[in-house]
Amino acid sequence: MDVGGTKVAAGVVDGAGTVLASVRRPTPGHSASEVADTIAAVVAELSADYEVKAVGIGAASWIDADRSRVLFAPNLAWRDEPLRDEVSGRVGLPVVVENDANAMAWAEYRFGAGRGRRDLVCLTVGTGIGSGIVLGGELYRGAFGIGAETGHMRMVPDGHLCGCGNRGCWEQYASGRALVRAARQIAATDPSAAASMLEACGGDAERLTGPDVTEAARKGDAAAIRCLTEIGHWLGEGMATLTAVLDPDRFVIGGGVSDSGDLLLGPARERFAQTVPGRAHRPPAEVVIAELGSQAGLVGAADLARI
């Protein structure tokens, strides 16, 4: 399961990480019980044709160290919710609950761009920055289960206000939200420089989206390329900071903004190489695109439930 604020995506996943069948349902309103009912209904539907052994649930939320209780989910009706027991009681199967970015990282480590690596950091660059960390072949969760929230490292003192309540968090400078903010600012102050981006959104800068910026950049629009370069540089800065602490041998970059490919990763790699501590005296970490796409969360959740 990959449970988000708008959809419940589920799949039957075999031991090789292959998705054998999948379904999607809208996430129901604001009732925790209704969400558990929806998950149970999806499990019942898929179990009709497959022998299901366990259920893994990846959710955009803080999960406790036992992987049983959702401490907090900003986009769901979960506050200290005993989700594992609620779902297990409905489906009669073992259930594991995991943070969605952790599930994505585990999937890439096992079956995707992290295969063969022992230490890696996966970053989901979307509206914000989600992350999962694998160290020594083990998923890192922290003492209380809510580690690896790297998007909330403070990069700029007294910078942009973040949804977490602090200012200057990394995700305010290296995310889809930051990309759109930079593009809209250019469009508002210098419309002629943003002509291609404005054309994509009907001339209304407030309707400009991340994909609009990426498409304009692919067509050679200088302002759009400048926006992606700025986001990439901030991404590289953050990766250099993480390297000082974790020393991974690979960064795996996923999420919607990563669809821009080397327009983002080129500047990220460049700034990373310029700012990583001891850069002239250490092996460089690789920076690569994730391989499993939108299925990574449910594949990782399933595999974590299996093991």
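Q: What makes two residues count as being in contact in this predicted model?
A: Contact means that heavy atoms lie within 4.5 Å. Leaving aside residues up to four places away in sequence, His233 touches Pro267, Glu270 and Arg271. The model is predicted.

Q: Why is His233 called buried?
A: The relative accessibility of His233 is 19%. Buried means under 20%, and therefore His233 counts as buried. His233 belongs to helix H7, which spans residues 222–246.

Q: What makes the pairing of the His233 and Glu270 side chains a polar contact?
A: The two side chains are 3.5 Å apart in this contact. The definition asks for N or O atoms within 3.5 Å, one able to donate a hydrogen and the other to accept it, so the pair counts as a polar contact.

Q: Why is Arg67 called partly exposed?
A: Its relative accessible area is 21%. Partly exposed lies between the limits of under 20% for buried and over 50% for exposed, so Arg67 is partly exposed. Arg67 sits in the loop between strand S5 (62–63) and strand S6 (70–72), and has a positive phi of about 55° although it is not a glycine.

Q: How do you know whether Ala148 is buried or exposed?
A: Ala148 has 11% relative accessibility. Since the limit for buried is under 20%, Ala148 counts as buried. Ala148 is located in the loop between strand S11 (138–140) and H4; its phi is positive, about 70°, although Ala148 is not a glycine.

Terms used: Residues are numbered from 1 along each chain as its sequence is written. This is a predicted model: local features need pLDDT of at least 70, side-chain atom pairs count only at pLDDT 80 or more; totals for chains, interfaces and linings use all residues. Side-chain values use heavy atoms; hydrogens and water are left out. Helices (H or I, at least four residues) and strands (E, at least two) are DSSP runs, numbered from the N terminus. Buried means under 20% relative accessible area, exposed over 50%, partly exposed in between (1.4 Å probe, protein chains only).
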